[in-house]
Amino acid sequence: MVRDAWTATVLTLFPEMFPGPLGLSLAGRALETGRWRLEAVDIRDFAVDRHRSVDDTPSGGGPGMVMRADVMAAAIDAVHPAGDPRPLIYLSPRGRPLRQARVRELAAGPGVALICGRFEGLDQRVIEARAIEEVSLGDFVLSGGEPAAIALIDAVVRLLPGVMGKDASGTEESFESGLLEYPHYTRPQIFEGREIPPVLTSGDHKKVKAWRRAEAERTTRERRPDLWDDFLRKKP
Ligand code: SAH
């Protein structure tokens, strides 16, 4: 498959949710100019019965419905045939939590094929049969994979060359250095009695840099001891 631009294909029961927020602002402008492509494909088009059903009751009993392996496999094979170089990802709370390093990898590749679950999620056999990577947005449960797919695509698209205004803002922010970012300030000089930290208006770039670094380290240590430990371990 030859594709000129980074391409996201999304399998969903709600294609009308796309592009949604991805059609606006930075991502939307880049979509319009062809910097990336988005295709939302309705899973229901691959249903095999008269009622176009995509789900059935869980084996073993219990609440909810499960998305059928045969319907999912047909949908996956149609949009992501063997040899498609793009990672095939199922957004799932059981997956590996998404981190900026994976987002960078995805941005460096040709695109991604995303599967959005609904109900209780996918039949396990199709996940195994198609060697699907499972990615989670965090330790909470959404009602469907679509908001997670939109978040993942948003995170990737802003890293594509030429999408963000100032290139530096992609490399200086939270996680890129292993630290959370320093806090930001802008005019007015005094807001409800609170001043901008004087070092930031001193004009001394070296001092500004040192202050920001110290703030980034302090914030990471206080808020995210897990990231702080990683940071200390990786420090040369
Ligand atoms: N029964 C499942 C939850 C299903 S939620 C469980 O407890 O693990 C329905 C769908 O929402 C999932 O199939 C998945 O695609 C999506 N979803 C829910 N939470 C998510 C999360 N934290 N990250 C990514 N996708 C999520």
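**Close-up 1. Arg221 places its charged end over the ring of Trp228.** The distance to the ring centre is 5.5 Å. A charge sits over a ring if NZ of Lys or CZ of Arg is within 6 Å of the ring centre and within 35 degrees of the ring normal. This is a predicted model: local features need pLDDT of at least 70, side-chain atom pairs count only at pLDDT 80 or more, and totals for chains, interfaces and linings use all residues. Residues are numbered from 1 along each chain as its sequence is written, and side-chain values use heavy atoms, with hydrogens and water left out.

**Close-up 2. Two aromatic pairs turn up in a search of the whole structure.** Rings of Phe, Tyr and Trp (its six-membered ring) pair if their centres lie within 6.5 Å; planes under 30 degrees apart count as stacked, over 60 as edge-to-face and the rest as tilted. Tyr185 and Trp211 make a tilted pair, 6.5 Å centre to centre with 55 degrees between the planes. Tyr185 lies in the loop between helix H5 (146-157) and strand E8 (190-191), and Trp211 in helix H6, 26 residues apart. Helices (H or I, at least four residues) and strands (E, at least two) are DSSP runs, numbered from the N terminus. Trp228 and Phe231 are stacked, because their ring centres are 5.4 Å apart and their planes at 25 degrees.

**Close-up 3. Helix H7 (residues 225-234) has Leu227, Trp228 and Phe231 as its buried residues.** They span an arc of only 100 degrees around the axis, so they are on the same side of H7. The arc is that of the directions from the helix axis to the C-beta atoms. Buried means under 20% relative accessible area, exposed over 50%, partly exposed in between (1.4 Å probe, protein chains only). Trp228 and Phe231 are three residues apart in H7, which means about one helical turn separates them. The buried residues of H7 pack against helix H6 (205-223); contact means heavy atoms within 4.5 Å.

**Close-up 4. Five strands form an open sheet in the order E2-E1-E6-E5-E7, with parallel pairing.** Strand E2 (36-42) and strand E7 (133-136) are the edge strands, each pairing on one side only. Two strands pair if DSSP finds at least two bridges between them. Strand E1 (residues 6-12) runs parallel to E2, joined by seven bridges. Thr9 stands opposite Glu39 in E2.

**Close-up 5. Helix H2 (residues 69-79) lies across E1, E2, strand E5 (88-97) and strand E6 (111-116).** H2 runs at about 165 degrees to E1. Axes are lines fitted to C-alpha atoms, for helices over the stretch in contact, and angles run from 0 to 180 degrees between N-to-C directions.
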